[in-house]
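This report looks at a few side chains, a helix and a loop. Please keep the sequence and the structure in view while reading.

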Amino acid sequence: MADRQKLLQALPAIKPYALSVLAVAYTVVIRLIFEPILTNRASYLFFVLTIVIVKDLWGRGPGLLATLVGGVSVWYFILAPRYSFAILNRVEVLNLASYFAVG
């Protein structure tokens, strides 16, 4: 019973973090919808906007989580080869590192 009360008390603190992960998931979907138009250009544009919005709405912690989850999502879903954590182009390593630095 005490564990359930602790969990219920912790839920309001977890909510901004869950919403930031959800915002990044929506951003992945939106970026994949625009994939035919953008191809390999502007891989990080939508994710940087998501970080700014999440940070303004819910604070620094959820913003940092959005940066981390967004970077991993770009690495897995957007960069070639898709659906893999391998990177074929060394320039993409620098772009990914600069994304994390800016975030």
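## A network of charged side chains

Arg82 is partly exposed, with a relative accessible area of 32%, where partly exposed lies between buried, under 20% relative accessible area, and exposed, over 50% (1.4 Å probe, protein chains only). At 15% relative accessibility, Glu35 counts as buried, and Arg31 is buried too.

The side chains of Arg82 and Glu35 meet in a salt bridge at 3.0 Å, N to O, a term that here means a side-chain nitrogen of Lys or Arg within 4 Å of a carboxyl oxygen of Asp or Glu. Because Arg82 lies in the loop between H4 and H5 while Glu35 belongs to helix H2 (residues 35-38), the pair ties together parts that are 47 residues apart in sequence. Salt bridges that share partners join Arg31, Glu35 and Arg82 into one network, and the link between Glu35 and Arg31 is 2.6 Å, N to O.

## How to read the model

This is a predicted model, in which local features need pLDDT of at least 70 and side-chain atom pairs count only at pLDDT 80 or more, whereas totals for chains, interfaces and linings use all residues. Residues are numbered from 1 along each chain as its sequence is written, and side-chain values use heavy atoms, with hydrogens and water left out.

## The loop between H4 and H5

Helices are DSSP runs of H or I with at least four residues, numbered from the N terminus. In the loop between helix H4 (60-78) and helix H5 (90-102) is Pro81, which a cis peptide bond with omega of about -10 degrees joins to Ala80. Tyr83 is found in this loop as well, and its phi is positive, near 60 degrees. Most residues other than glycine have a negative phi, and most peptide bonds are trans.

Key:
Helix = DSSP H or I, 4+ residues; strand = E, 2+ residues; numbered from the N terminus.
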